[in-house]
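Subject: Structure handover

Hello,

I am passing on the structure we spoke about. Please open it alongside this email and follow the notes below.

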Amino acid sequence: MARIARLKLGQANVAMVLGSTIHLSGVTREQFLREPSWVAHEMCHIRQVQERGVLRFLWEYLVESARVGYYANRFEVEAREAGQRDAAAYAALLQVPLPAGPGRGASEQASAGHNRPDVVV
């Protein structure tokens with residue numbers, strides 16, 4: 001699923017939450033865990049799923065995406081905000097440095113064009 005999402009979105013790498021699992025495509029587990037803002041973003045999605053249940057979350061996410069698009073989707077907006085707000089806490093928890101700059105965008109540019117496996121965190 002993450003590979004399909006990566007190809008559909010035209011991204012070099014994708015993390016995707018299904019239930020309580022983060023699925024990765026185009027990035028290794030180690031690379032993902034070195035990006036605390038990205039980890040915080042995906043952990044927000046896990047919380048969203050836990051609060052609503054899997055089926056309700058999937059339905060609401062799809063309806064919201066169809067209505068306003070991926071970027072303006074309220075679940076993505078909340079997750080981007082969590083990524084910025086919680087990055088320092090996840091950096092401390094993961095014992096990795098907090099990257100200078102916006103976070104995930106830097107890793108997307110760095111990984112462009114590299115063939116990386118699909119993994120599950």
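This is a predicted model: local features need pLDDT of at least 70, side-chain atom pairs count only at pLDDT 80 or more; totals for chains, interfaces and linings use all residues.

Start with the hairpin. Strand β1 (residues 14–18) pairs with strand β2 (residues 21–25) in the antiparallel sense, over five bridges. V14 stands opposite S25 in β2. Two residues lie between the strands of this hairpin, and G19 has a positive phi there, near 70°.

Next, the aromatic rings. The structure holds four aromatic pairs. One of them joins F32 and W38, with 5.2 Å from centre to centre and 70° between the planes, an edge-to-face arrangement. F32 is buried, at a relative accessible area of 1%, and W38 is buried as well, at 2%.

Another pair is F57 and Y61, whose ring centres are 5.6 Å apart; the planes meet at 45°, so this pair counts as tilted. Both residues sit in helix α4 (residues 54–68), four residues apart, which is about one turn of the helix. F57 and Y61 are both buried. Together with F75, F57 and Y61 form one aromatic cluster.

A charged side chain also meets a ring: R80 lies over the face of Y71, at 3.8 Å from the ring centre.

Last, the loop residue. Q95 lies in the loop between α5 (74–94) and α6 (104–111). Its phi is near 55°, a positive value in a residue other than glycine. Most residues other than glycine have a negative phi. Q95 is exposed, with a relative accessible area of 73%.

Regards

Methods:
Residues are numbered from 1 along each chain as its sequence is written. Side-chain values use heavy atoms; hydrogens and water are left out. Buried means under 20% relative accessible area, exposed over 50%, partly exposed in between (1.4 Å probe, protein chains only). Two strands pair if DSSP finds at least two bridges between them. Rings of Phe, Tyr and Trp (its six-membered ring) pair if their centres lie within 6.5 Å; planes under 30 degrees apart count as stacked, over 60 as edge-to-face and the rest as tilted. A charge sits over a ring if NZ of Lys or CZ of Arg is within 6 Å of the ring centre and within 35 degrees of the ring normal.
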